[in-house]
Amino acid sequence: MYQPIVLSLLILRASAGVIHSPRANEPIPLPAPASAYIKNPPTPFGKVQPGVPAGPLGGLNTSFTPANIPDAKPFEDAAFKAAATCSGPVTSNPATFWMDQMDHTGNARGYAPFLANYFTFPTYRNVLSYGAKNDGSGDSSSAIQNALNDDGRGGNRWSSGVVTAMPAHVFIPGGTYILGSQLDLRLGTIIMGDPQNPPILKAAPGFSGNILIKGYDASSSNGPPETSFMTALKNVIIDTNNLDKAKSIVALQWGVAQGCAIGNVNINMPSDSTGHIGMNLAAGSTIAVTDMKITGGVIGIQNSNQQVNFKNIYFSKCRTAYGATGGFTSLLQNVVFDTCGLGIDITQGNAGNVVLLDSTSTNSGPAVKFYETGTTGLRNDQVVIQNLKHDGNNPIAINSNGATKLAAASSIDTWVWGNSIPGVFVNGQSYTTTRSAALLDSSGKYFTKSAPTYAGYALDQFINVKSVTGFPVKGDGATDDSASLNAILAQAAANCKIAYFPYGVYVVKSTLFVPAGSRIVGEAWAVISGAGSTFKDVNNPQPIVKIGNAGDVGIAQITDMRFTVAEPLPGAIIVQVNMAGTSPGDVGIWDTQVTIGGTADTTIHSTCNNQDTASCMGAFLGVHLTTSSSAYLQNIWVWTADHNLDGGPLQIISTGRGILVESTKATWLVGTGAEHNWLYNYNFNAAKNVFAGLLQTESPYNQGNGAVKLAPAPWTAVSKYGDPDYSWCGGGDGRCRTSLGQNVNGGSNIFLYNTASWAFFDGPWDGNYQTQCNGNCQTNMLRVTNNPTSLYWYGIGTKSADTMVLDGKTNPQTVNNPGGWGGNIAAYRSFV
């Protein structure tokens with residue numbers, strides 16, 4: 001049976017070292033010296049200007065008019081109502097990965113409909129078709145680069161600068177590919193190896209550069225790393241062992257933004273290296289790095305990204321596993337330090353706060369080394385250690401001088417160094433965090449689940465939604481595909497098949513229902529786009545994508561998709577989850593975006609530029625996890641656009657709400673973000689049994705002092721949805737009537753880790769990223785109300801707000817808790 005490559009825990013023979021664990025069979029390497037760190041550019045203090053896409057050859061298709069799309073006539077679906085007699089797709093041992101066997105040339109292929117007068121753009125490409133060699137011979141750099149760059153008509157994709165209009169899904173079959181020069185990844189691209197036989201991308205012996213694979217697309221019309229959106233790398237092995245261990249080399253540079261994904265990636269480097277770094281997050285604003293194994297090297301991961309959840313990372317034989325040279329809040333969740341000289345080093349720059357959660361340190365040096373800040377000036381390098389398993393006599397936490405701050409122990413419940421609310425700055429305080437059993441796996445850790453790869457399934461276990469006889473599906477952005485797709489998804493679930501969406505823009509003018517038994521996977525982030533009158537009634541909001549009904553139990557899993565609106569739809573709930581699974585993770589969404597505006601496939605990108613946001617109420621709600629749901633969401637980004645990813649005018653949009661969690665069963669949010677939504681970005685409304693690891697938000701750019709509309713206007717607060725009504729603010733107080741990053745309204749057993757809530761602008765939005773707030777932008781960033789119980793909140797970072805958490809009890813202020821990007825709290829325990 002297939003096992004993901006990152007779960008292999010085989011340990012190579014150790015090289016020589018000088019620190020020894022009393023129970024170790026292998027020597028522990030020395031930690032990385034300070035000289036090993038790359039000097040990354042400083043994390044910008046404010047917001048950086050995005051690039052301006054040059055646009056594709058021939059321009060974009062601008063003929064799209066949602067009002068002219070006829071409604072599809074529903075099919076009689078009685079044939080699909082019989083209960084399924086199968087228990088799930090049938091696994092086997094196929095010789096070839098299913099996606100590469102799909103029809104990528106005929107009518108069932110992926111199609112990019114928003115390229116003007118160009119109908120054969122290749123959304124899917126196999127690197128072997130471009131001349132790459134997978135037998136370990138030659139140099140495949142140029143061939144793979146051509147596969148990434150190709151626009152299908154003799155030019156290249158990267159010079160256009162567009163993100164979604166020219167998408168690509170690049171497949172790398174198994175084998176060994178020699179890279180003689182740097183490989184540059186591209187925007188709007190999923191690079192996927194064969195998970196059944198992961199390809200090895202190996203540096204040639206004569207490789208002369210200092211980066212093997214660069215995730216940040218540095219093309220001329222792209223912006224800085226903080227706006228380098230939608231690049232994914234999956235199912236590959238990166239190897240630098242051909243190079244001298246003293247050579248300064250980064251295996252993977254990953255200075256990227258939201259909407260990007262990495263998973264099931266191994267990085268192999270020589271042991272006892274003095275120059276090899278596995279992964280360097282050089283600036284950027286990505287939210288999730290998941291499911292990796294990093295072996296050897298002087299540093300496993302170097303990070304100066306704004307905020308990120310590093311989930312399920314296995315570090316083996318790294319001199320230093322993780323080193324921060326910047327960043328404001330970082331979560332290391334379920335990581336392993338195995339025979340590493342040092343686990344976490346945050347003495348190389350101002351790291352805000354770092355949380356080490358549900359992790360293991362075995363046969364290693366100290367788990368954490370930090371700079372010991374006091375209560376004067378900025379209080380950076382704050383540390384939370386929770387549920388750590390540790391062996392040996394080496395201390396768990398030391399300061400920059402090597403003095404022990406937390407001595408060796410076999411396990412740690414919760415240990416905090418930093419600002420603690422209620423109370424004061426604590427210098428190594430132990431706490432108890434009482435977790436909800438509904439959120440835990442059998443080992444007592446918070447449950448996690450890797451994104452499905454569907455390795456081990458043959459082609460006959462899939463349904464291509466564009467090739468089902470009798471149910472025509474276009475994905476052309478100009479046809480209502482809802483009737484056919486609803487019939488096909490019902491059929492797929494009833495027959496235990498996996499629904500594959502080739503790239504396309506699938507317009508739905510009525511709700512797309514995802515029944516229990518569904519498994520959905522997209523090519524290059526295939527798009528479901530709501531349109532029409534069904535979704536325009538603000539007083540009767542309807543879901544565009546509805547996952548199960550209340551009371552349904554079963555499987556519904558979605559990977560690599562994008563959900564959006566084709567036009568302003570003030571009555572649209574873009575994704576609504578109602579069902580639960582038999583087991584945790586049965587209902588899940590991975591590596592998926594919810595976007596409102598900013599892309600070529602919606603009229604919003606060309607029409608919404610009025611300062612009065614009543615003229616562009618983009619959607620009622622981004623994601624709704626209802627009271628009957630139990631869902632696992634990983635690497636999900638809900639984005640109301642502040643600029644155009646595919647080129648176009650200023651974007652001024654009001655989306656009512658970001659992510660609403662009302663579930664009481666069990667909910668997991670792992671590496672998620674919600675930006676620029678009007679009333680709130682996250683609302684935990686009477687929710688119970690919630691885990692959230694990394695919640696990233698930005699306030700809308702056109703609120704605050706001088707704004708044309710003050711929250712809740714242009715929306716009306718609806719008590720049915722637990723909306724904050726801003727009644728605690730003065731009527732004309734724009735700084736107070738600004739979106740909440742997170743709103744916790746009652747509830748119980750809520751466990752929040754690593755909040756990253758930022759504000760940059762106020763007043764009318766003119767697209768000038770250089771003119772930011774004069775002082776703080778808003779009065780309150782986060783809010784707690786109606787006395788929740790067992791609310792544990794660790795690692796809070798805020799920017800440009802007076803009050804970090806408005807709670808009516810402690811109301812911690814930024815001025816009293818300085819650090820990171822403004823305000824910095826290690827532990828908030830006012831409602832435990």
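T320 is buried, with a relative accessible area of 0% (buried means under 20% relative accessible area, exposed over 50% and partly exposed in between, using a 1.4 Å probe and protein chains only). This is a predicted model, so local features need pLDDT of at least 70 and side-chain atom pairs count only at pLDDT 80 or more, while totals for chains, interfaces and linings use all residues. Residues are numbered from 1 along each chain as its sequence is written, and side-chain values use heavy atoms, with hydrogens and water left out.

**Around T320**

- You can find T320 in strand β15, which covers residues 320-324 (strands are DSSP runs of E with at least two residues, helices are runs of H or I with at least four, and both are numbered from the N terminus).
- Leaving aside residues up to four places away in sequence, T320 touches P31, A32, Y37, V298, I299, G300, L342, G343 and D345 (a contact means heavy atoms within 4.5 Å).

- Strand β2 spans residues 168-172, and five of its five residues are buried.
- In a regular strand the side chains alternate between the two faces of the sheet.
- In β2 both faces are covered: A168, V170 and I172 are buried on one side, and H169 and F171 are buried on the other.
- Strand β1 (residues 124-126) pairs with β2 in the parallel sense over three bridges (two strands pair if DSSP finds at least two bridges between them).
- Strand β5 (residues 189-193) also pairs with β2 in the parallel sense, over five bridges.
- Look at V170 in β2: V170 is the bridge partner of R125, and the bridge partner of V170 in β5 is I191.
- Together, β1, helix α2 (residues 141-149) and β2 make a right-handed β-α-β unit; right-handed means that, with the strands pointing away from the viewer, the path from the first strand over the helix to the second runs clockwise.

**The chain as a whole**

- The secondary structure of the chain comes to four helices and 48 strands.
- Of the 832 residues of the chain, 67% count as buried.
- A compact globule with 832 residues would have a radius of gyration near 28 Å, and the 25 Å of the chain agrees with this (the radius is taken over C-alpha atoms, and the globule rule is 2.2 Å times the number of residues to the power 0.38).
- The C-alpha trace spans about 70 × 70 × 55 Å along its principal axes.
- Among contacts between residues at least 6 apart in sequence, 73% join residues at least 24 apart.
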